[in-house]
Amino acid sequence: DLESGFLLRKFCHEAAVFSIAFSQDGKSCWSGGYDMNLRQWECSTSRTLKSIHCDLEAQASSFSPNAQFLAVASKTFSLEFTVIIWNTKSYDKVQTLPHSGRVHAIDFNPSSSALVSSSSDGIRLWEVQTGKLVRTIQQNNIYACCFSSNSVLAYGGGNEQVAVAKS
C-alpha cells in the first residue's frame with residue numbers, strides 16, 4: 001500500500017528477481033530472474049499459478065494490452081540475448097526474437113500487434129504474430145522504451161536524451 005507503506009504481498013524466487021509484469025486486469029503478475037524460472041502469481045493471495053523453468057535469465061518483461069502475450073527479454077548462460085513472446089493461455093513460445101546485445105526494456109503497442117525492444121544494439125520494432133523485424137533504429141545503449149496509448153514510441157539511454165517517434 002503506497003499510502004501507508006505497508007507490505008501487501010510478497011512473492012518468492014530462489015535468486016535475484018530482475019523482471020516483473022502485471023496483467024492488464026491487475027489480478028496476476030509474472031516475475032523472473034536469476035533462478036531461470038518464470039512465475040505467474042495470483043496477486044490477491046501470493047499463490048503461484050504457473051512456474052516455467054526456461055534456462056534463461058528474465059531481464060525485462062511486458063504483458064500485452066490484450067492479455068494474450070507475455071514478452072520476456074532474456075539472457076542465457078551462453079550469452080545469447082533474445083526476446084521471447086509467450087502465449088499466456090497455453091504457455092507456449094510464440095516467437096523468439098534475436099538481439100546481439102543485452103535487452104534492457106520491452107513494450108507492446110496498444111493493439112498488441114507490435115513489440116519494441118531496446119538494447120545495447122539499438123531499438124527494434126517487431127511484428128508480434130510473425131516475429132518479423134519491422135524497423136531498426138541504430139543507436140548505442142538504449143536503456144528504456146515504451147509506447148503511449150496512441151502508439152507513439154519513446155526511448156532513451158546513455159546519450160542523456162529521450163526521443164519520441166511515430167511508430
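Author: Arg 47 is partly exposed, at 47% relative accessible area. The model is a predicted one.

Reader: Which residue forms a salt bridge with Arg 47?

Author: The closest N and O atoms of this pair are 3.4 Å apart. That is within the 4 Å cut-off, so the pair counts.

Reader: Are Arg 124 and Asp 121 buried or exposed?

Author: Their side chains meet in a salt bridge, 2.9 Å from N to O. Arg 124 has 15% relative accessibility, and Asp 121 has 12%. Buried means under 20%, so the cut-off settles it. Arg 124 is buried, and Asp 121 is buried.

Reader: How many bridges join S3 to S4?

Author: S3 spans residues 37-42 and S4 spans residues 47-53. The two strands run antiparallel. Asn 37 has His 53 as its bridge partner in S4. The count of bridges joining the strands is 6.

Reader: Which residue in the hairpin of S3 and S4 takes a positive phi?

Author: The hairpin has 4 residues between its strands. The phi in question is near 70 degrees. The residue is Ser 46.

Reader: How many disulfides does a search of the whole structure find?

Author: For Cys 145, the nearest cysteine sulfur is that of Cys 146, 7.2 Å away. Cys 145 is buried at 9%, while Cys 146 is partly exposed at 37%. The search finds 0.

Note on methods: Residues are numbered from 1 along each chain as its sequence is written. This is a predicted model: local features need pLDDT of at least 70, side-chain atom pairs count only at pLDDT 80 or more; totals for chains, interfaces and linings use all residues. Side-chain values use heavy atoms; hydrogens and water are left out. Two strands pair if DSSP finds at least two bridges between them. A disulfide is a pair of cysteine sulfur atoms within 2.5 Å. Buried means under 20% relative accessible area, exposed over 50%, partly exposed in between (1.4 Å probe, protein chains only).
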